[in-house]
Amino acid sequence: MKKSAWLPAVLAPVVVAGAVAAPMMANAANTPIAGNHPTAAQVIASVAKSSDAQYSGKLEQTSALGLPQLPSGSGGSSAEGSAADTLSLLTSSHTARLYVDGPDKQRVQLTQQLAEQDVVRNGTTVWTWDSKKRAATHVTLPKDTAGSGTDAAGTATPAQLADRAIAAITPSTQVSTPSEVQVAGHDAWQITLTPKSSDTLVGSVRIAVDQQTGLPLRATITAKGQQDPAFSVGFSSLDYGAPAARLFDFTPPSGAKVTTKDLSDAAARDHAHGARHGDAVRPGQGVDPTVHGTGWDTIAELPAGTVDSSKLGKDGSGLLDQLTTAVAGGRAVQTSLVSVYLTDDGRVLAGAVPVSALVAAAK
């Protein structure tokens, strides 16, 4: 379930920027959203009860990260093409259909011009489908896999963004009093998380939560010094109720290329973290990153040899050269929300901080 995620892993430091505020969450546990003036803790706690929700809806995502517009599939190598496909989802608006029947049945449909990508989960079985490539992947998940959603090739839902932002509620974050908003025709409470750090690129994260169900309906991330969101994903339409059961069944079309992955045991899961030879990311990708700093200033570092930049092109016309600029010891890109630094020895550093902070951390 690789490929085009609306919020790639590199953006995780933007919202996964600290530890959970345990006392706040403990005091809010099992507390419903009460009255006309709930606390932020009550709103946050209500998200947990939405895990069994049944609904269908349309998601709208907008991005204004300052990345250049790149055509889908640009670049000569397969690594470049895959990276460009992902980046194309970060440089323009996209729409997806989302169907959810509790914690272990989800379907995401991302429709593009003359193409469609699907992720279908039914219990421990997951199918991904790319109509343009006529390729399907059949994944068997571990039986104890938490059914928390649809963070697979197609979308990061408001619920997933909310979970990550909630994890950033620490003494380094100011949490607003909830305000009333409407999203897709549903009354919601909106809370705003504002980093206290002066070094992060993030200005604020806003999360709107359905007043009745606790379902996150919209999440937006605004860069420091900007008024309009740099990244936003939310429902434009939403209907509660169980979707048709047939939506969670998938059979690949005749002639499709089918890849099977069995992740039902720990050894297979560990193996799945390794990248294939010949890709831009080499074996060892599953190694836990080294973490520098705390809170919103957190920087994640992957070890030397993680990236083979030659696979992304370094002749002045490749994707790497289009996206990055030369800096001391490597190449880097800084968007409005996150920076990435590729060192000459193959390390990767990323965080919601300026490039200068990444270069300093790499020394």
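**Notebook: confidence, one threonine and some ring pairs**

I began with confidence: this predicted model has a mean pLDDT of 76 for the protein, and 66% of its residues reach 70 or more. For my own reference, pLDDT is the predictor's confidence in each residue, on a scale from 0 to 100. I number residues from 1 along each chain as its sequence is written. Because the model is predicted, local features need pLDDT of at least 70 and side-chain atom pairs count only at pLDDT 80 or more, while totals for chains, interfaces and linings use all residues; side-chain values use heavy atoms, with hydrogens and water left out.

I compared the elements, which are DSSP runs numbered from the N terminus (helices are H or I, at least four residues; strands are E, at least two). I then found pLDDT below 50 over residues 1-32, a stretch with 86 contacts in the model beyond near neighbours in sequence. Contact here means heavy atoms within 4.5 Å. Residues 274-285 also have pLDDT below 50, with 20 such contacts beyond near neighbours in sequence.

**Entry: Thr137**

I located Thr137 in strand S6 (residues 135-140). Is Thr137 buried or exposed? Its relative accessibility is 16%, so I log Thr137 as buried; the cut-offs are under 20% relative accessible area for buried, over 50% for exposed and partly exposed in between (1.4 Å probe, protein chains only). Leaving aside residues up to four places away in sequence, I see Thr137 touching Val126, Trp127, Thr128, Thr259 and Lys261.

**Entry: aromatic pairs**

I searched the whole structure and got four aromatic pairs. Rings of Phe, Tyr and Trp (its six-membered ring) pair if their centres lie within 6.5 Å; planes under 30 degrees apart are stacked, over 60 edge-to-face, and the rest tilted.

Tyr55 and Tyr240 are edge-to-face, at 6.4 Å centre to centre and 75° between the planes. This pair joins strand S1 (residues 54-63) to strand S12 (residues 231-240), with the two tyrosines 185 residues apart. Tyr55 is buried at 7%, whereas Tyr240 is partly exposed at 33%.

Next I checked Trp127 and Phe250: their centres are 5.5 Å apart and their planes at 45°, so I call the pair tilted. Trp127 sits in strand S5 (residues 125-130) and Phe250 in the loop between S12 and strand S13 (257-262), 123 residues apart. Trp127 is buried at 15%, and Phe250 is buried at 17%.

Last, I noted that ring pairs link Tyr55, Phe235 and Tyr240 into a cluster.
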